[in-house]
Amino acid sequence: MDTLRAARYPFLKDASQFIEANDIDIAELMTSPDWSDARRRGMERIIGSLKNHEIPDVPLAGAEYRRLEECLSYPYARMIVSCIDDRMLTKRYALAEAERLNRLLHDDRDAIPMVAEELEVNAHTNRDGTVSMHFADYLRYSYVMSAVEWKLINTDIRDGYVLLQADKFDRLLQNAYRLRIERELPLAVPDELKKYLSKNIEHVKAALMELKAALSPTNGEGVKDEFLPPCIKAIISMARSGQNLPHSARFALVSFLHTMGMTYDQIISIFSESPDFDEGKSRYQIQHITGDLNGTEGYTPPGCGAMKTDGICFNPDNLCEKVKHPLSYYRIKSGKGFGPKERT
């Protein structure tokens, strides 16, 4: 058993075998003072994913005990994320773990076959260092990549396998791992174990609420109609009255409301007021824009320049002349000031 590899990639079977070989069960991980550092490292994985978009590195050379702690920190983090069961937390955590995998594989090429097998990716490494990946798996894990170069028509396909440079294959393994984590979570954590997690659960919840407030144009207070920019008000009115919205208007509305923190149910309720409401079609469009279909955080709402170009800049007022983005309009109108720069 390669304990260093187990610690680097705690989702591999080696990690489970390493833990079992040391006869450690979940209850002991939760309660024993011997594993307090493993619990602390588990928290580092979560908080790092929230605050810095990454899992901080720790030295793994040397002591087997430290490697075992690293293996144990992984299930501990997953249990806390599962207990909170928040979409943003799960996605950020999954992405941070997946990006960590990508970083490690860059300097550990020998681990790729084992990682690919664990993730059930049909691929093999060629003598020249390139990787051949079955086209079905390529499509499964590349569809979230928007750049033209990732389109199947622009790849080199040989006998049903897509020929890839190593760095591109690593990126697809990252996607495969992220999607696997998102698919696996939340875990069913028994109630008798949750009491041991409660303190750290509350700590993560507080950090998550702080992050959401910082990212939200409303500071987590909910969307107030009186602060909405006139363009968004007009599009909402059009949607509710059953007018045929152009794609640009539908995209602008959904992406704006999603960025403001509104849920899928809140967004679709606006469209449901239309006389010719088609729930299936609306669900697909909304979930595509918000990222629910492809496991992303969704699209950024268009700025004022793009909305003018698309002919959906409706009823501009004096404040519109001073801003370049509908989100900035809301922030100023609500007294929150300017936020981060947005795409115009």
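Buried denotes a relative accessible area under 20%, exposed over 50%, and partly exposed the range in between (1.4 Å probe, protein chains only). Helices (H or I, at least four residues) and strands (E, at least two) are DSSP runs numbered from the N terminus.

The model is predicted: local features need pLDDT of at least 70, side-chain atom pairs count only at pLDDT 80 or more, and totals for chains, interfaces and linings use all residues. Residues are numbered from 1 along each chain as its sequence is written, and side-chain values use heavy atoms, with hydrogens and water left out.

**Whole chain.** Display the C-alpha atoms; along the principal axes they fill a box of roughly 70 × 55 × 35 Å. The protein has 16 helices and four strands, and 47% of its 344 residues count as buried.

**Helix α13.** Select residues 264-272, where Ile267, Ile268, Ile270 and Phe271 are buried. These residues cover an arc of only 145 degrees around the axis, and therefore lie on the same side of α13; the arc is that of the directions from the helix axis to the C-beta atoms.

**Helix α2.** Move to residues 13-21, where Asp14, Ala15, Phe18 and Ile19 are buried. Their arc around the axis is only 135 degrees, which puts them on the same side of α2. Lys13, Glu20 and Ala21, on the other side of α2, are exposed. The cover over the buried residues of α2 includes α1 (3-8), α5 and α7 (112-118). Asp23, which follows α2, has a positive phi, near 55 degrees.

**Glu70.** Next select Glu70 in helix α5 (residues 64-84). Glu70 is buried, with a relative accessible area of 2%. Leaving aside neighbours within four places in sequence, Glu70 is in contact (heavy atoms within 4.5 Å) with Ala7, Arg41, Arg45, Val58, Leu60 and Arg100.

**Helices α4 and α6.** Finally, show α4 (residues 36-51) and α6 (residues 87-106), whose axes come within 8 Å and cross at roughly 105 degrees. The two helices are therefore roughly perpendicular to each other, a term that covers angles of 65 to 115 degrees. On α4 the contact is made by Arg41, Arg45, Ile46, Ser49 and Leu50, and on α6 by Leu89, Arg92, Tyr93, Ala96, Glu97 and Arg100. Axes are lines fitted to C-alpha atoms, for helices over the stretch in contact, with angles running from 0 to 180 degrees between N-to-C directions.

Definitions and conventions. Angles under 35 degrees count as roughly parallel, over 145 as roughly antiparallel, 65 to 115 as roughly perpendicular and the rest as oblique.
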